[in-house]
Amino acid sequence: MKVCVVGTGYVGLTTGVSLAFLGHEVTCVDLDQAKVDMLSAGRCPIYEPGMEDLLAEAAPNLTFTTSYADAVPGADVVFVAVQTPSAADGSPDLRYLRSAAESVAQALDHDFTVVVNKSTVPIGSGNWVDAILRDSFEGRADRPGGVEFAVASNPEFLREGNAIADTLYPDRIVIGSDNPRSLEVLNRLYRPIINQTFTPPTFLTRPEDVNAVPLVSTDLASAELIKYAANAFLALKISYANEIGQLAAKVGADITEVARGMGLDQRIGSRFLQPGVGWGGSCFGKDTKALIATASEYNLEMPIVKAARDVNQRQRAIAVERLQDELRILKGRKIGLLGLAFKPNTDDLRDAPALDIANSLIARGARVKLHDPVATDRFRIEQPELAPYLTQSIDELFADCDAVVLVTEWAQYLELDWSKFVGLMRTPIVLDGRHVLDAERMRRIGYKYLAVAG
């Protein structure tokens with residue numbers, strides 16, 4: 001099938017490259033010429049494991065352009081995957097979505113095109129985009145005859161750092177439209193993934209337990225709400241584990257064992273129960289905020305979702321409070337932060353806990369040192385005020401520190417020979433912000449081990 005993807009961020013790029021790998025003819029359009037040039041040369045503008053390898057394998061079916069006129073005409077499916085950042089009131093800012101819809105309408109010329117909202121959008125956005133498309137299309141002086149189109153929702157459920165596997169071997173595919181023909185087209189588009197009939201990429205074998213992928217085919221509003229409901233629930237699980245972790249610390253319980261005991265209950269499951277400094281990134285914060293804003297439009301409150309957000313924000317403050325309780329005075333203390341990206345295997349810094357922790361420590365007079373194995377280039381651009389605190393090496397970060405905080409559980413940090421750094425520190429205190437270090441081992445080699453919960 002012929003596919004157009006508007007936007008080459010995490011979602012758009014992963015979608016476009018994956019569909020091209022499956023054999024569809026894909027054109028990705030982005031207004032950033034530098035990004036288009038980079039992708040056309042086979043280089044990835046974001047850090048996502050395996051993406052450049054998949055780019056190479058998909059290259060025969062993949063084109064990048066800045067022109068809607070080159071990308072949209074003749075397309076069976078147009079994915080709109082532009083950013084929808086939070087506005088001041090918590091609702092998504094839809095200006096980029098509006099602009100993209102208007103531009104798509106100016107280039108539609110096919111007998112039937114499905115325009116798919118791939119961006120995370122509020123419930124009801126499908127109808128809104130449909131109205132924009134029709135108004136813009138009807139306003140064309142060169143409007144061709146025989147052109148039909150319909151809007152669908154196809155929310156993404158990608159984990160940064162695991163986006164390719166989540167696309168090719170997903171838990172489920174959700175498609176929503178009030179037009180049956182649109183659902184048929186998307187069913188055909190995704191058939192190789194649904195039936196798992198494609199040959200896997202050379203670098204990413206098919207998991208043994210993935211033989212077929214469930215397809216949820218529903219109406220527009222339900223598909224849109226599924227995305228928000230799923231992300232909010234995952235955020236709730238993390239915040240719940242963190243809240244129980246604070247109680248565990250008070251009563252002398254081991255939160256890692258508590259979480260393990262809970263997770264073995266098949267009704268609960270073990271994923272997203274790991275306590276720590278909380279979630280960050282582009283999805284959970286934005287989507288929970290948008291869900292609350294959407295509910296308020298209907299005179300509804302979302303107290304459980306709001307509580308999850310409050311708990312998550314508090315975890316970052318607790319990390320700083322744990323250091324202050326131990327060191328008594330933070331002014332003049334040297335504190336090292338290991339990890340800046342909001343999670344491992346990405347360079348994404350959006351809503352990263354490390355940023356709040358670093359800024360809070362600086363505000364209290366501490367001298368911070370920062371390190372990340374991947375995200376430093378992006379950090380220098382996006383966080384110029386904090387960039388002077390970056391260190392070139394892990395040895396430099398530990399040197400003369402009063403405490404070190406493990407903020408992001410990069411494999412490089414978990415595999416460190418921690419014993420070699422004890423002697424470099426002024427006081428060998430380690431705050432485990434993710435509950436991933438072996439507490440007893442850390443104590444044996446000479447560290448004062450602290451955890452956010454416990």
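This is a predicted model: local features need pLDDT of at least 70, side-chain atom pairs count only at pLDDT 80 or more; totals for chains, interfaces and linings use all residues.
**Exercise 1. The nonpolar cores**

Find how many residues the largest nonpolar core has, and trace the contacts of L337.

*Solution.* Start with the count: the largest nonpolar core holds 54 residues. Next, pick out the members with the most contacts inside it, which are I335, L337, L361, L370, F398, W418 and Y447. Now zoom in on L337, setting aside neighbours within four places in sequence: L337 contacts A354, I357, A358, L361, K369, L370, H371, L397, V405 and V407. Finally, look elsewhere, and you will find another core of 44 residues apart from this one, including L54, V77, A152 and I193. As background, nonpolar side chains in soluble globular proteins tend to be buried together.

**Exercise 2. Placing T27**

Decide whether T27 is buried or exposed, and list what T27 touches.

*Solution.* First locate the residue: T27 belongs to strand β2, residues 25–29. Then take its relative accessibility, 9%. Buried means under 20%, so T27 counts as buried. Last, leave out neighbours within four places in sequence; the contacts of T27 are then V3, C4, V5, T63, T65, D70 and A71.

**Exercise 3. Two partners of helix α10**

Work out how α10 packs with α12 and how α10 is oriented to α11.

*Solution.* Take α12 to begin with. Helix α10 (residues 220–251) and helix α12 (residues 284–297) have axes 9 Å apart and pack at an angle of about 115 degrees. Their crossing is left-handed. On the α10 side, the contact uses L225, K227, Y228, N231, A232, L234, A235 and I238, and on the α12 side F284, D287, T288, A290 and L291. Sorted by class, that contact has nine nonpolar, two polar and two charged residues.

Now turn to α11 (residues 255–263), whose axis comes within 9 Å of that of α10 and crosses at roughly 135 degrees. α10 and α11 are therefore oblique to each other. This crossing is right-handed. Y240, A241, I244, G245 and A248 of α10 meet I255, V258 and M262 of α11. The classes here are seven nonpolar, one polar and no charged.

**Exercise 4. A loop residue**

Find where N345 sits and which residues N345 touches.

*Solution.* Begin with the position: N345 lies in the loop between β9 (334–338) and α14 (353–363). Its relative accessible area is 34%, so N345 is partly exposed. Then compare sequence with space: N345 and A358 are 13 residues apart in sequence and 21 Å apart in space, C-alpha to C-alpha. To finish, ignore residues up to four places away in sequence; N345 touches Y47, P49, E160, G161 and W410.

Technical notes:
Residues are numbered from 1 along each chain as its sequence is written. Side-chain values use heavy atoms; hydrogens and water are left out. A nonpolar core is a set of buried Ala, Val, Leu, Ile, Met, Phe, Trp, Tyr and Cys residues joined through side-chain atoms within 4.5 Å. Buried means under 20% relative accessible area, exposed over 50%, partly exposed in between (1.4 Å probe, protein chains only). Contact means heavy atoms within 4.5 Å. Helices (H or I, at least four residues) and strands (E, at least two) are DSSP runs, numbered from the N terminus. Axes are lines fitted to C-alpha atoms, for helices over the stretch in contact, and angles run from 0 to 180 degrees between N-to-C directions. A crossing is left-handed if the near helix is turned anticlockwise from the far one by less than a right angle, and right-handed if clockwise. Ala, Val, Leu, Ile, Met, Phe, Trp, Tyr, Cys and Pro count as nonpolar, Asp, Glu, Lys and Arg as charged, and the others, Gly among them, as polar. Angles under 35 degrees count as roughly parallel, over 145 as roughly antiparallel, 65 to 115 as roughly perpendicular and the rest as oblique.
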